[in-house]
Amino acid sequence: MQPVDLTTLRAVLADLKRAEPGRDSLLPARVEWIQQTDLWTVVIGLRTLRARPCLLLSWHPQAARVHLCQAPPKEPEDFSFSQHLQRHLRGLALTELALLDEWERVIDFRFAPRPGDPPQRHLYLEVMGKYSNAILVDEAGLILACGHGVSERQSRVRPVQPGLAYEAPPALTDPIPQPSEPFSQWQERLALVPGPIAQRLLRCYRGLSRHLAEAMCLQAGIPPQTPSNQLSPQEWQALFFWWQDWLARLETARFEPALTSQGYTVLGWRGSSGDPSQPNLHQLLEAYYQAQLNRERFERERQRLGQKLATLLKKLRQRRDHFEKRLADSAQAEASKQAADLLMAHLHLWRPGLSSIELPDFFSGQMVKIPLDPEKNAVLNAQAYYRKHRKQKRAQEAVQPLLAATEQEIRYLEQVEAALQQLEAYRDPQDLVILAEIEAELIQQGYLESPSKAEGARRSPAAGFNPYCFTSPSGFPIWVGRNNWQNERLTFRFAQDQDWWFHAQEIPGSHVLLRLPPGAVAESEDLQAAADLAAYFSRGRLSDQVPVVYTRPKCVFKPKGSPPGMVVYKQERVLWGRPSRAQLLLEKDGAPKSDLPAGL
């Protein structure tokens, strides 16, 4: 993830202060509301003469930033920092914002009762990677609240706690870039110690980031890892040209935000700034960091749920093995009864001290060897075998339903695991909704603990129903459920009598629905396409062929008390689906998601 550097901060501040046709400057602006969306992000609702912008401040360890944003949905919150901000800032006006130092990444947001009044509150946003923080300070310079407290045990140099005097972070000691610095002095400083040229730029001057230094080298046509003592005079001149271009843009506030193949740029370097559809700086930052944070959250949540499912399935499979072993032992119940009957029928053959005896079978006449307890007579040994027979019969009656319930649990969790495995990589925010639905389902079924009320509200899935949708060769839609919740809605609420329902036979996977208009007849190619998709979105994806059953939706039933997504069916037919052929539909349709009609 590309961190916000000094250049980006200066671009954002310049844009916030700039007044353009149709848009006022952000200053001054009245604070109307404050909402903290997570541990590291606060959104301040402002009001200017003609607009109500929302200003996002984040001290996230990897994505600390500031920019305008869309108003977040109102959700319950219990963050003490936002409560302090509400108490001290609501009703005040944001009258000024500036960097605490021209070459430091600390922004001072100043609040006063009215424009022109001395500031009563300062909100410092320190954009410093994992040391980022947001600190509210009063007019006397005392800390009122902070996004992340730092105790004296954590830092003796600069503790950050309410009641302490605010101190700016220690200043950097690197030289400040100067536009007036001659080329020879600049080159001499960089070439003094041989090393990768991008690294030399970072170590010799303040105000640069790794991303900016590498972009500057690439603009000059120099690989960033090129040793400084191997640069040609022409390469030095080209690098100095873009060095001066960077300083000139900082001085004149001439920024060109654009997306790049590696992230974004505010200088227009190696970007598509000439594209008229290019978002503005704030839209670009909001989209980029939201996507990056969503991707990280997706990977984290997917891994967490996957590990939980793997642990649950491991325990259930061990329980199943234990029950199967007990059933195997109980299968010897008839043998125990036979031994007891034989002993009672041949009491005259028993002799004291025998440890075993061979007696003829009642039906086959073959000799059966029966172990005996030498300390017991024949009757007592027979009674012991009768007791063992009754115990084994009781165990068989008790274990069989437990084994069936365990098997059902395993099939259900394998179905959930299959839905999770289909989410291979993050594509859009809907993937997070699918994960939230899977987690909510596991909580409802008692496999996960329910989070706290506030956290549960923040994790609740968004409204909407967006399964995968593809198009068959004849143009009919094929719907594919992405989790058990969607599978049930597809099968029991969305399907109609003329449709065809598909599922991999005896294999966990998605419910697939071939949607037909009334009176339409599906061709064999349409049925095969739906079968291929049912095979692809199942645990048999890596197989060459997968048996797929299909039937009418009215022939699909949900057993009473069964978990979500578990169904039985009748009057089914079988097709062999090929997951490899489903790739053609994936490449053609790109696995789009479409909202189904409202109310479903």
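**Burial, pairing and packing in a predicted model**

Q: Why is Phe 240 called buried?
A: Phe 240 has a relative accessible area of 13%. Buried means under 20%, exposed means over 50% and partly exposed lies in between, with a 1.4 Å probe and protein chains only; Phe 240 therefore counts as buried. This is a predicted model, in which local features need pLDDT of at least 70 and side-chain atom pairs count only at pLDDT 80 or more, while totals for chains, interfaces and linings use all residues. Residues are numbered from 1 along each chain as its sequence is written, and side-chain values use heavy atoms, with hydrogens and water left out.

Q: What makes Trp 103 and Trp 246 an edge-to-face pair?
A: A search of the whole structure finds 25 aromatic pairs. Rings of Phe, Tyr and Trp (its six-membered ring) pair if their centres lie within 6.5 Å; planes under 30 degrees apart count as stacked, over 60 as edge-to-face and the rest as tilted. The centres of Trp 103 and Trp 246 are 6.2 Å apart and their planes stand at 70°, so the pair is edge-to-face.

Q: Why is this pair said to tie together separate parts of the chain?
A: Trp 103 lies in the loop between strand 5 and strand 6, whereas Trp 246 lies in helix 6 (residues 233–252), so the pair joins parts that are 143 residues apart in sequence. Helices (H or I, at least four residues) and strands (E, at least two) are DSSP runs, numbered from the N terminus. Trp 103 counts as buried at 9% relative accessibility, and Trp 246 is buried at 0%.

Q: What kind of aromatic pair do Phe 183 and Phe 240 form?
A: The rings of Phe 183 and Phe 240 are 5.2 Å apart, centre to centre, with 75° between the planes, and the pair is edge-to-face. Phe 183 belongs to helix 3 and Phe 240 to helix 6, 57 residues apart. At 22% relative accessibility, Phe 183 counts as partly exposed. Both residues belong to one aromatic cluster, which also includes Trp 103, Trp 186 and Trp 246.

Q: How do you know whether helix 3 and helix 4 are roughly parallel or roughly perpendicular?
A: The axes of helix 3 (residues 183–191) and helix 4 (residues 197–204) come within 9 Å and cross at roughly 105°. Axes are lines fitted to C-alpha atoms, for helices over the stretch in contact, and angles run from 0 to 180 degrees between N-to-C directions. Angles under 35 degrees count as roughly parallel, over 145 as roughly antiparallel, 65 to 115 as roughly perpendicular and the rest as oblique. The two helices are therefore roughly perpendicular to each other.

Q: Which residues meet where helix 3 touches helix 4?
A: Trp 186, Arg 189 and Leu 190 of helix 3 meet Ile 197, Arg 200, Leu 201 and Cys 204 of helix 4, contact meaning heavy atoms within 4.5 Å. These residues divide into 5 nonpolar, no polar and 2 charged. Ala, Val, Leu, Ile, Met, Phe, Trp, Tyr, Cys and Pro count as nonpolar, Asp, Glu, Lys and Arg as charged, and the others, Gly among them, as polar.

Q: Why are strand 4 and strand 9 said to stand at the edges?
A: An open sheet is formed by 9 strands in the order 4-3-2-1-5-6-7-8-9, with antiparallel pairing. Strand 4 (65–69) and strand 9 (143–146) each have a single partner strand, so one side of each is left without a neighbour in the sheet. The twist averages 25° from one strand to the next.

Q: What makes strand 18 a partner of both strand 16 and strand 21?
A: Two strands pair if DSSP finds at least two bridges between them. Strand 16 (residues 500–504) is joined to strand 18 by 4 bridges, and strand 18 to strand 21 (residues 573–577) by 5; both pairings are antiparallel. His 503 has Val 549 as its bridge partner, and Pro 547 stands opposite Trp 576. Strand 18 (residues 546–551) is mostly covered, with 6 of its 6 residues buried.

Q: Why is helix 12 described as largely enclosed?
A: In helix 12 (residues 484–494), 8 of the 11 residues are buried, so the rest of the structure largely encloses it. Among the buried residues are Leu 490 and Phe 494. The buried residues pack against elements including helix 9 (378–422), helix 10 (429–444) and strand 16.
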